[in-house]
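Visitor: I would like to learn how to read a structure one feature at a time. Could you show me the model and then take me through it?

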Amino acid sequence: MQPQPELDASRQAGPGASAHRGAGAQVLGLLVLLAASALVAGLGGLASASNVDGWYAGADKAPWSPPNWVFGPVWTLLYTAMAVAAWLVWRTRAEGTRRALTLYAVQLVLNLLWTPAFFALYPALGTPALWIALAIIVALAVVLAATLNRFRRISRPAGLLLVPYLAWVVFASTLNLWAAFTN
């Protein structure tokens, strides 16, 4: 089966291949990726909302844990940067884009799973929930590192946009680890 000429040409063209997608498709693609990030953020917020002021308020937290109000603005910036990074990769239509975006989707699912595992499962399971959450966030860090690596091969700015996210996930992993050992 012969590849479609347009797709083949876009692979050869590299980053300039985004010209094959019209402005409307570009905007729609960005909006879809922003909406996916907003959905994950919103669902995570639902899972954590009642528990941040519940069990977590009295939990033993790492001495380097920031105040709770920091998490909302940081995650808002990170989710926005994630979506823009994915959009930069998506719009190139370069070779390897599908694999990179598949990794992106996997890390987004792991991101979505971590919050309910950490916050919502604790009242039912206790400390084992924090260990489950730790396994999820470590998997997230690994998949995210692979995503960043794939993204940077396709679009250097996309890879760079994921660096703060990976740093934050590693930082959050230390908070999760402390919580698992001390609660």
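Visitor: Does Trp 55 count as buried or exposed?

Guide: Such labels rest on relative accessible area, where buried means under 20%, exposed means over 50%, and partly exposed is in between, using a 1.4 Å probe and protein chains only. Trp 55 has a relative accessibility of 16%, and therefore it counts as buried. Before we go on, please keep in mind that this is a predicted model, in which local features need pLDDT of at least 70 and side-chain atom pairs count only at pLDDT 80 or more, while totals for chains, interfaces and linings use all residues. Residues are numbered from 1 along each chain as its sequence is written, and side-chain values use heavy atoms, with hydrogens and water left out.

Visitor: What percentage of the residues of the protein chain count as buried?

Guide: The protein chain has 183 residues, and 44% of them count as buried.

Visitor: How many helices and strands does the protein chain have?

Guide: Helices (H or I, at least four residues) and strands (E, at least two) are DSSP runs, numbered from the N terminus. This protein chain has 7 helices and 0 strands, and its pattern along the sequence reads α-α-α-α-α-α-α.

Visitor: How is a pair of aromatic rings described?

Guide: One gives the distance of the centres and the angle of the planes. Rings of Phe, Tyr and Trp (its six-membered ring) pair if their centres lie within 6.5 Å, and planes under 30 degrees apart count as stacked, over 60 as edge-to-face and the rest as tilted. The structure holds 16 aromatic pairs. One of them joins Trp 55 and Phe 118, whose ring centres are 5.7 Å apart and whose planes are at 50°, so this pair is tilted. It links distant parts of the chain, since Trp 55 is in the loop between α2 and α3 (68-92) and Phe 118 is in helix α4 (residues 97-120), 63 residues apart.

Visitor: Is Phe 118 buried or exposed?

Guide: Phe 118 has a relative accessible area of 3%, so it is buried. Its ring also pairs with that of Phe 119, where the centres are 4.9 Å apart and the planes are at 75°, so the pair is edge-to-face. Phe 119 counts as buried too, because its relative accessibility is 10%.

Visitor: Which residues form one aromatic cluster?

Guide: The cluster is made of Trp 55, Tyr 56, Trp 114, Phe 118, Phe 119 and Tyr 122. Trp 114 is in helix α4 and is buried, because its relative accessible area is 15%. The C-alpha atom of Trp 114 is separated by 5.9 Å from that of Ile 136, although the two residues are 22 apart along the chain.

Visitor: Which residue lies over the face of Tyr 56?

Guide: A charge sits over a ring if NZ of Lys or CZ of Arg is within 6 Å of the ring centre and within 35 degrees of the ring normal. For Tyr 56 the residue is Lys 61, at 4.7 Å from the ring centre. A second case is Arg 91, whose charged end sits over the ring of Trp 87, 4.8 Å from its centre.

Visitor: Which residue follows α3?

Guide: Arg 93 follows α3, in the loop between α3 and α4. Its phi is near 60°, a positive value in a residue other than glycine. Arg 93 is buried, because its relative accessible area is 18%.

Visitor: Where is Gly 159 found?

Guide: Gly 159 is found in helix α7 (residues 156-182), and at 2% relative accessibility it counts as buried. Gly 159 and Ala 145 are 14 residues apart in sequence, and their C-alpha atoms are 9.7 Å apart in space.
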